Amino acid sequence: MKILIPGIAGATGRIVAMRLLEAGHEIVGFDRRSWPDAPDGVEMHRGDIRSRPAEDLFRTHQPEAVVHMATVTHLVARSEDRYRINLGGTRAVFEHSRRYGVKHVIFVGRHTYYGAGPESPLYHTEDEPPMAVTSFPELSDLVAADLYAGSALWRMPDMTTTVLRMVYTLGPTGHGTLASFLRGPRVPTILGFDPLYQFMHETDVARAIEAVLRVRVRGVYNVAGPPPVPLAQLVRATGRSTLPMPDFAFRYALGRFGMPRLPAAALNHVKYPVVIDDRAFRRATGYQHEVTEDQAMREYREAFPVLES
Amino acid sequence: MGSPLVSREVERRIEELEIPWGPFGVDPYGVSKKHLAVGFSMVEPLYRHYFSVKVLGADNVPPRGRGMLVGNHSGGIAIDGAMVIASMFFAKNPPRLAQGMVEKFMNRMPFASMLTGKLGQFTGLPEHCIRLLEDERLLMVFPEGARGTAKLYRERYNLVRFGTGFVRLAMRTRTPIIPFAFLGGGAAVPTIHNAVALGRMLGAPYVPITPYGLPVPLPVKLEVEYGEPMMFHGTGAEADTVIEGYVEQVRTSIAGMIERGRVRRESFADQTLKQFRAGSASR
């Protein structure tokens, strides 16, 4: 089948494209970034998803399925860009898809939708409201994109829509929120807190998307890999050490001393877990993760070793 | 393991727990084998010697599968919960991990938040309750809530109002309720006043004050009695009047065990006192 992948040039997008290509699909890629060594069989186009050339792509290629991976987080884009890309871009993907007869649209979203906080339960299910809007306002554009994509389920009933809420990725590409957080030799943590972190290997992301395309299931689904791991254990197993700081010191250090400039609300994600229940997804698609927590952490450690000084 | 902090028996009992440990000795909820081992080793001398806890009816608790331990609060700090958990671990063969529903303020406090979670004690949310029961765990519930821990010394054998949520959750998940009575906590922590302002400064609802100041528990003999399991059939969506009837049955069962325990304890105290007086009179 012919599949259009907006956001293909990201680390995960490439892995998804390669896997779908191997499975015999025809891939059309679209991204603002380039993918210079894209394999033959992937037809790359560059540009903004909200531009006229993007619409032309839908018109001329008439893809059967679209895997929408062109969303960004607060870590890589300023707020006005985020709203433009995440909401404007998602709207364009759905409207073009309806206009040009796409049968199946997959929105690849994030599990941080649920938010982290002291009163939030372990193992969120898909029917829960997005607490991230209040606890972490910088995530609100992604939450809005998730809900907007979900509204296609009733607004565009002739088209199959699947909204995926995926956990952090971890693996040898070193891309993603969690992988960036773990990059340095000493990982800042908050003294007296050790939340569970849930992550999946990049190849399992591709495996999950392939499963969705195969069964063409509609609805909103949590997608995860192996069981979650406590942060301190995750830091150790990736060859790093923790740098525990009291809450107020952590808050002060953000953006200083080489610490990332995170919004203060990000603190909740270092104190409290966001853990999701993905049983509904596994039942609906038959998906099973293949990479264990141990192996994902080992591959990350080997790809990004901490150099001894 | 083999840590100097961990007793041989605790180590053996931890291995007997039916919990699906992952590769790092952590279960899917973050309960940690290592933390349980150290925790139970620290509680063991308190359980066996300091409070010499007497356990009655431990066989009323199902050996495996879902169950809800429901009992009275006794003692202004969490020694009741800790000793009920210890009794399920030390007096039951094979042992079981009782998982309590913790007051929400605990999860905001550094260390308290981390340690409660690693010991399997999660914030009291209905979502946690349902999930743990559906996962065939043993839950520990105090339906008196914070109202119950605030009991003063003279109220130590009283029961305050019960919440009703626990019966609805038990019915919804088809879980047997095992009522229990906890005795002696009120004498171990003889509360004469609850300092609300001091508590607020520390991030807790209140701090119990004893005649000797701080709420350090005295070495009083404690007792836990487990009653016959009770099963209520339905969906859990029944009218309040129906649910309140079931709550009353559980409350009556607990009150009966407390009353029998009180008589037992008071007659024991009377006898000891008589013997003491007889002894001093003859001297």
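I took a residue as buried if 20 or more other C-beta atoms lie within 10 Å of its own, as exposed if 12 or fewer do, and as partly exposed in between, with C-beta atoms placed from the backbone. In soluble globular proteins, nonpolar side chains tend to be buried together.

I then looked up Val84(B), which, not counting residues up to four places away in sequence, touches Leu69(B), Gly71(B), Ala98(B), Met140(B), Phe180(B), Phe182(B) and Val224(B); a contact here is a pair of C-beta atoms, placed from the backbone, within 7 Å.

**Ground rules.** I noted that this is a predicted model, in which local features need pLDDT of at least 70 and side-chain atom pairs count only at pLDDT 80 or more, while totals for chains, interfaces and linings use all residues. Residues are numbered from 1 along each chain as its sequence is written, and chains are lettered from A and ligands numbered from 1 in the order in which they are written.

**The two chains.** Counting helices (H or I, at least four residues) and strands (E, at least two) as DSSP runs numbered from the N terminus, I found 12 helices and 13 strands in chain A. The radius of gyration of chain A, taken over C-alpha atoms, is 19 Å, close to the 19 Å from the globule rule (2.2 Å times the number of residues to the power 0.38) for 309 residues, so chain A is as compact as a globular protein of that length. Buried residues make up 48% of the 309 residues in chain A.

For chain B I found 10 helices and nine strands. Its radius of gyration is 19 Å, close to the 19 Å that the globule rule gives for 283 residues, so chain B is as compact as a globular protein of that length. Of the 283 residues of chain B, 42% count as buried.

**Where the chains meet.** The contact takes 19 residues from chain B and 16 residues from chain A. On the side of chain B that touches chain A, helix 4 (112-118) and helix 5 (126-134) are the elements that give two or more residues, and helix 5 gives the most, with three residues.

**Helix 2 of chain B.** Which residues are buried in this helix? I listed Lys33(B), Leu36(B), Ala37(B), Gly39(B), Phe40(B), Val43(B) and Tyr47(B), and the buried residues pack against helix 1 (8-16) and helix 3 (79-90) of chain B. I also noted a kink of about 35° at Val43(B), shortly before the proline Pro45(B), the bend at a residue being the angle between axes fitted to the seven residues ending there and the seven starting there. Just after the helix, Ser52(B) takes a positive phi of about 25°.

**Lys221(B).** Last, I looked up Lys221(B), which lies in the loop between strand 8 (207-209) and strand 9 (223-226) of chain B and counts as partly exposed because it has 15 C-beta neighbours inside 10 Å. Leaving aside neighbours within four places in sequence, Lys221(B) is in contact with Phe51(B), Ser52(B), Lys54(B) and Gly184(B).

How values were computed. Contact = placed C-beta atoms within 7 Å.
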